[in-house]
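Subject: Structure handover

Dear colleague,

Please find the structure we spoke about below. My notes come after it.

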Amino acid sequence: MPTIDDMTNSGSPDEPQSKMAKILGFVPRALASKPHIIFLTLLGVYLVILPLFSVHVSSSSELIGGNYTNVTSDLGACIAAGGTIHIIKHNKQHKKEIEHLRQLVESLHEKI
């Protein structure tokens, strides 16, 4: 059975990370960034909404920018990335709380 030490030390931010892990850790922040979401929203308006109002969008624009399926799936990825960032922040906060409780328990054991 894992101890409290095992749970608090696994995945510690003090452990060195590889360069690739640091780069991949930046991806959710980039996807969930406000400029990226605004860009995808404007791209969606241009590629999806304007054609509904009979505005012609060139084939090369659709080829480069994608179609409504690509744009909506990208927006979904942004939402998922934002949720991931939220969960990671709460996980770090939870680990700090567990460490604090572990220290309290240890101090109580020393008094007994």
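The notes below go from the whole chain to single residues.

This is a predicted model, in which local features need pLDDT of at least 70 and side-chain atom pairs count only at pLDDT 80 or more, while totals for chains, interfaces and linings use all residues. Residues are numbered from 1 along each chain as its sequence is written, and side-chain values use heavy atoms, with hydrogens and water left out.

Overall fold. The chain has five helices and zero strands, in the order α-α-α-α-α along the sequence. Helices here are DSSP runs of H or I with at least four residues, strands are runs of E with at least two, and both are numbered from the N terminus. Of the 112 residues, 12% are buried; buried means under 20% relative accessible area, exposed over 50%, and partly exposed in between, with a 1.4 Å probe and protein chains only. Among contacts (heavy atoms within 4.5 Å) between residues at least 6 apart in sequence, 66% join residues at least 24 apart.

Surface. The accessible surface comes to about 9,100 Å², and carbon and sulfur atoms hold 67% of that. Areas come from the Shrake-Rupley method with a 1.4 Å probe, and for residues only the protein chains shown count as cover. Two patches are listed below. A patch is made of residues with over 30% relative accessible area and no salt bridge, joining like charges within 9 Å and nonpolar side chains (Val, Leu, Ile, Met, Phe, Trp, Tyr) within 5 Å. A salt bridge is a side-chain nitrogen of Lys or Arg within 4 Å of a carboxyl oxygen of Asp or Glu. Lys and Arg count as positive and Asp and Glu as negative, with His and the chain ends not counted; a charge is placed at NZ of Lys, CZ of Arg, CG of Asp or CD of Glu.

- Positive patch: R29, K89, K92 and K96. Helix α5 (residues 68–111) gives the most to it, with three residues. K89 lies in α5 and is exposed at 60% relative accessible area.
- Nonpolar patch: V45, I49, L52, F53 and V55, with about 480 Å² of accessible area together. F53 sits in the loop between α3 (34–52) and α4 (59–65) and is exposed at 61%.

Single residues. S54 is also found in the loop between α3 and α4. S54 has a positive phi of about 65 degrees although it is not a glycine, and its relative accessible area of 70% makes it exposed. G83, in helix α5, is partly exposed at 30%.

Regards
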